[in-house]
Amino acid sequence: MQFTILCYETAADFARRSDPEQAGPYWAGWLAYGATLAQAGVFVSGAGLLPPDSATTVRIGPAGRSVQDGPFAEVKEQLGGFFVIDVPDLETALDWAAKAPSSSSASTEVRSVLQMPG
Amino acid sequence: MTPVSPDICRGAEHQTAGQVARTSYARLLSLLAARTRDLAAAEDALSDAFRTALEHWPRTGIPDRPEAWLMTVAKRHHGAARSRARTALDALPTLHLIHPPEAAEMPAFPDHRLGLMFACTHPAVDAATQTPLMLQAVLGLPADRIAPAFLMTASALGQRLSRAKARLRALNVGFDIPDPGQIGPRLSAVLEAIHAAAALGWEPVPGSDPARADLTGEAQYLAETLITLTPHEPEPKALLALILYTTARAPARRPAYTPLSQQDTALWDATLIARADRLLADAASANCLGRFQLMAAIQSVHTERRKTGRTNWMALEMLHAALNRMHPTTGGTIAAAAVTLELHGPHAALQTLDRTTGIDSFQPYWALRAEALHRAGDPDANEALTRALGLAEDPALRAWLSHRLATQ
């Protein structure tokens, strides 16, 4: 079964990405996590995302297109990246999700990948 | 004398109910379950009895024998629930006021708690459910408190526990006081379940999640209970010693992750170590060597560094070899290889590691392999260290490993 591991991070986590003191351990943690998923043979795909201030949100309302800078909602934790993994069950998926660095600094969400009908 | 305010009264009743819950929960539950052979119904009846106590004790005062009172009320609740006589259930509180449960109704309670522990680790209960079931049945912990340690949601664990209880009921598993002859063979499953609860707080080499650490305290209480129920068995004493040795060293592991060999021994808790030493000596005097005696002895040797200033690797090699013969596990093999690394060098340790299987996602394997490769001057050390880092759950351990990766 395929599951998506959604890695949510705080503003402090996003700041660590470019902090000279903390960037090393930050990236080492994520690179090791991705490499380990691959070596365990469960990695399907994944991507890291630029911080939420780089987001642009599009919406079509009664007045037509609206385009805004910034994320859709102001929340404490924003999506920082995701992995799609292929594992036998939810328990295994949760076990991998617990190892994501975001699980100890913010939160990680696991969702089953939707099987399109037909 | 100052009049006692109703609030303080209320507090006292709550406190008494809380104390009775802590010390007598399993005693009352096992007795009810032994009568009804239905663990879920016994739990319901007992929690109704505690609720009734909290409603009545503030008005009527705390009874002389709170346990007997609770037991009688729980039996009535269970009877009432069974007959589904709505009117009888409604009349219960009135009934208690007219006929408060008499101490005379209650002979000394037989202690069925060992039967309860055996039921929780019955072969019909799925191995992964035995430890959470025991935490719930013996300690009365709610599913939402237990579930995170097992990486489950409270509702998923609740369903799993309900299925286990239904299965025990369907098989008509008893909760009786076991015959002395039955105790030995069934004890190992109970020890295993308690050890699993304790280990959630402190896996030996890899990360320990601080949120799980409080389960170690609950495991200690379970081990202490088991010792009072089986005073002549050596292994429960050894299990408690093992828990105490590890708890004693906890202050030296935090806040930053510190491996055992680099811990400041002055931070270890000398009182807990002394208690563990006494328990282990007591267990050894039975002259019946077991798995937990060997595991505790290994920790005892590590703890000796506090006095001698060095680690006796020879003694550890012997104890690990004996443990792996008696009870082979992947974790045991890795721990033995760590001793080999110190005594015989990286190549000997790598030989053992190369032979070990089932280690793809086993963090301690990759951490030790990285260390052995590093000492052998092999550039593959970084790849193994990356894998150890990717498998680490504990942020403190992750920080320690990423520092190593950057500096080695």
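Predicted model: local features only at pLDDT ≥ 70, side-chain atom pairs only at ≥ 80, totals over all residues.
**Entry 1**

I started with strand β3 of chain A, residues 56–61, and looked up its burial. None of its six residues counts as buried, so β3(A) lies largely in the open. To be buried, a residue would need 20 or more other C-beta atoms within 10 Å of its own.

Next I looked for the partner strand. β3(A) is joined by six bridges to β4 of chain A, residues 64–69, and the two run antiparallel.

**Entry 2: a helix in chain B**

Then I turned to helix α5 of chain B, residues 113–120. This helix is mostly covered, with eight of its eight residues buried. I noted the names: R113(B), L114(B), G115(B), L116(B), M117(B), F118(B), A119(B) and C120(B) are buried.

**Entry 3: where the chains meet**

How many residues of chain B are in contact with chain A? I got 17, and they touch 16 residues of chain A. On the chain B side, the elements giving two or more residues are α18 (381–390) and α19 (395–407). The largest share is from α19(B), with seven residues. I also sorted that side of chain B by class: eight residues are nonpolar, five are polar and four are charged.

Terms used. Residues numbered from 1 in each chain as written. Chains lettered and ligands numbered in written order. Buried ≥ 20, exposed ≤ 12 C-beta atoms within 10 Å, placed from the backbone. Helix = DSSP H or I, 4+ residues; strand = E, 2+ residues; numbered from the N terminus. Pairing = 2+ DSSP bridges. Contact = placed C-beta atoms within 7 Å. Nonpolar A, V, L, I, M, F, W, Y, C, P; charged D, E, K, R; others polar.
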